[in-house]
Amino acid sequence: GTPPVSASIAWNGDGLQCCLVVQDAEGGKGRVSLMGRDLKEEAVSEDEAGIGPSVAMTPDGGLLATTQRVGGTHQVIFFEPNALRHYEFALPKDRAGSSVRRLAWNVDGSMLGVVYGTGGG
């Protein structure tokens, strides 16, 4: 059968572009896809281990953020609109089982909020 897949989506401020983070549940790899309003892919990143599931796009569509687990580190990673990875930063080490619950940009895209913790909420 078809391998299980999970996906998260975020839209830019005017609703003309969205980004999708798709994870292959079996292989542990994920990728970022940028699409227009018609949901045709405009750009796709390389497959990388540990990507997602949280995703947020700046209101102007100029930058998108998702997360990645690398070894014992959980980091926030950024992509340009052409799906090229731009940079990243590691989150502070926390208790075992911690994960990013949500990412959200402020109204002008100058700050990114990260909800980070353990548990189901």
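This is a predicted model: local features need pLDDT of at least 70, side-chain atom pairs count only at pLDDT 80 or more; totals for chains, interfaces and linings use all residues.
Good morning, colleagues. I begin with the fold. The protein contains eleven strands and zero helices, and its pattern along the sequence reads β-β-β-β-β-β-β-β-β-β-β. Its radius of gyration is 14 Å, close to the 14 Å that the globule rule gives for 121 residues, so the protein is as compact as a globular protein of that length. The C-alpha trace spans about 40 × 40 × 25 Å along its principal axes. Of the 121 residues, 40% count as buried.

The largest nonpolar core has 13 residues, of which Cys19, Val32, Leu34, Met57, Leu64 and Phe79 touch the most other members. Strands S2, S3, S6 and S8 each give two or more residues to this core, and S6 gives the most, with three. Phe79 has contacts beyond its sequence neighbours that include Val32, Ile51, Leu64 and Leu84. Apart from this core lies another, of nine residues, among them Leu63, Val76, Phe78 and Leu103.

Let us now consider a single position. Leaving aside neighbours within four places in sequence, its contacts include Gly50, Pro53, His74, Val76 and Leu103.

I close with the surface and the charges. The protein exposes about 6800 Å², and carbon and sulfur atoms supply 53% of that area. There are 10 positive and 14 negative side chains, and the centres of the two sets lie 8 Å apart.

Notes
Residues are numbered from 1 along each chain as its sequence is written. Side-chain values use heavy atoms; hydrogens and water are left out. Contact means heavy atoms within 4.5 Å. A nonpolar core is a set of buried Ala, Val, Leu, Ile, Met, Phe, Trp, Tyr and Cys residues joined through side-chain atoms within 4.5 Å. Buried means under 20% relative accessible area, exposed over 50%, partly exposed in between (1.4 Å probe, protein chains only). Helices (H or I, at least four residues) and strands (E, at least two) are DSSP runs, numbered from the N terminus. The radius of gyration is taken over C-alpha atoms; the globule rule is 2.2 Å times the number of residues to the power 0.38. Accessible areas come from the Shrake-Rupley method with a 1.4 Å probe; for residues, only the protein chains shown count as cover. Lys and Arg count as positive and Asp and Glu as negative; His and the chain ends are not counted. The place of a charge is taken as NZ of Lys, CZ of Arg, CG of Asp or CD of Glu.
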